[in-house]
Amino acid sequence: MRTLSVKNVSKVSQPVLFGLMFGFLLQKGGVAKYHVLEGQLLLRDYTVLKVMLSAIVVGMIGVYFLHERVGTKLHLKPTRLGANMLGGLIFGVGFALAGYCPGTGAAALGQGDLPAIIVMLGLVVGSYGYAELSLFLKNTVETWGDLGKKTLPSVLGMKASTTVAAVAVLLSGVLFIIHSIQH
Amino acid sequence: MKPYIKHTAFVVTLFSSVSLFAQTPLQDGSTYSIGGSWSPYVAGGLIGILTWLTFYFSEHPIGASSFYATVAGFIGKAVAPRHTHKLPYYRENPPRLKWEFWFVLAIILGSALAAASSGELALQGLPLMWIEQYGPDSGLGYASLSFVGGVLMAFGARLAGGCTSGHGLSGTLQLNISSWVAVICFFLGGLVTIRLIY
């Protein structure tokens with residue numbers, strides 16, 4: 001009953017509640033701050049990696065548990081190596097220049113960092129720029145190395161639960177090393 | 001709406017109890033605060049739990065960048081409706097007030113609440129880190145980099161299929177190959193570029 005009532009509330013209140021929580025946690029984790037984000041790229045401040053890796057480990061275990069046991073759907077994006085790599089590199093360049101990413105930029109604005117509005121304006125313009133070139137990109141870059149939907153378990157031919165356990169141990173190890181080096 | 005109030009109360013209680021033990025010092029003696037007011041492991045772990053909720057209840061992964069594409073699509077539709085409608089991206093993803101739209105708007109408010117709760121809510125202009133490097137009269141340079149950075153990020157995110165949220169968090173935790181490739185490239189591009197600025 002409880003589950004049903006949550007599922008039935010309007011399509012707006014769920015993303016609003018979850019967005020409030022996400023913005024809250026981004027700010028509390030410190031990743032809405034310019035010097036923290038740029039500090040990570042300069043390898044001076046590892047807050048971003050700590051937040052991301054902790055979220056990935058906890059999120060992965062729960063999401064795969066829900067997927068395997070409850071039947072919750074995964075939402076996989078196709079692997080297109082050319083587009084993933086080229087787009088990823090361009091994103092990285094922009095990230096370093098701007099100091100905020102699309103989600104943390106919104107969080108930065110929330111805590112009062114007014115220049116984040118300029119980044120957000122750029123994000124709107126760049127999105128339209130992509131749409132403008134989408135016909136060309138679809139027929140070129142986005143066809144390079146198009147492998148379809150691929151996950152680590154499917155590529156390795158391993159059971160999802162085994163892969164999740166192995167990745168959880170690996171990423172926790174990385175977190176432990178980062179933590180130890182800094183203290 | 002009653003169960004909703006219960007859930008909200010639960011979330012507020014959870015956050016406030018976590019904040020009691022997750023506090024970290026905000027100042028390290030330098031001119032700006034070191035990081036967040038909560039431990040990054042606690043904040044990250046809770047973001048991980050939040051992804052369970054969005055997958056289970058909304059059947060939707062966390063993502064942010066498509067918010068900006070939606071806004072751009074709305075503006076395009078208002079200014080040049082015919083042209084915008086012809087673009088393959090908007091034909092496949094017509095601008096609608098979908099999940100990410102409300103999600104990203106709420107991020108702004110959620111962050112404001114978090115900042116207010118630890119006394120960090122304050123209007124700020126140029127970041128101190130930037131001023132230390134380039135001085136207080138470098139606003140135009142900062143604004144230009146911010147704008148160009150935003151343009152490149154949105155373009156890159158659409159080409160790669162997501163941003164630090166959609167790929168970097170939701171995709172990686174699903175062990176999606178494209179997301180791990182993309183997020184490694186995010187950092188590679190960033191690590192090189194930052195050396196040109198600082």
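This is a predicted model: local features need pLDDT of at least 70, side-chain atom pairs count only at pLDDT 80 or more; totals for chains, interfaces and linings use all residues.
Residues are numbered from 1 along each chain as its sequence is written, while chains are lettered from A and ligands numbered from 1 in the order in which they are written.

**Helix α9 of chain B**

I use "buried" for a residue with 20 or more other C-beta atoms within 10 Å of its own, "exposed" for 12 or fewer and "partly exposed" for what lies in between, with C-beta atoms placed from the backbone. On that count α9(B) is mostly covered, since eight of its eight residues are buried; among them I list B:G166, B:H167, B:G168 and B:L169. After the helix comes B:L175, and I wrote down that its phi is positive, near 60°.

**Helix α3 of chain A**

I then turned to α3 (residues 34–41) of chain A, where eight of the eight residues are buried, so this helix is largely enclosed by the rest of the structure. The buried residues include A:Y34, A:H35, A:E38 and A:Q40. Their cover includes α4, α5 (81–98) and α6 (102–110) of chain A, together with α7 (128–134) and α10 of chain B. Following α3(A) I found A:L43, with a positive phi near 60°.

**Chain A as a whole**

For chain A I recorded nine helices and two strands, where helices (H or I, at least four residues) and strands (E, at least two) are DSSP runs numbered from the N terminus. Along the sequence the pattern reads α-α-α-α-β-α-α-α-β-α-α. The C-alpha atoms fill a box of roughly 45 × 45 × 45 Å along the principal axes, and 54% of the 183 residues count as buried. I call two residues in contact if their C-beta atoms, placed from the backbone, lie within 7 Å; of the contacts in chain A with a separation of 6 or more, 63% are between residues 24 or more positions apart.

**Where the chains meet**

Finally I looked at the contact between the chains, which takes 113 residues from chain B and 111 residues from chain A. Elements giving two or more residues to the side of chain B that touches chain A include α1 (2–21), α6 (99–117) and α9 (166–173) of chain B.
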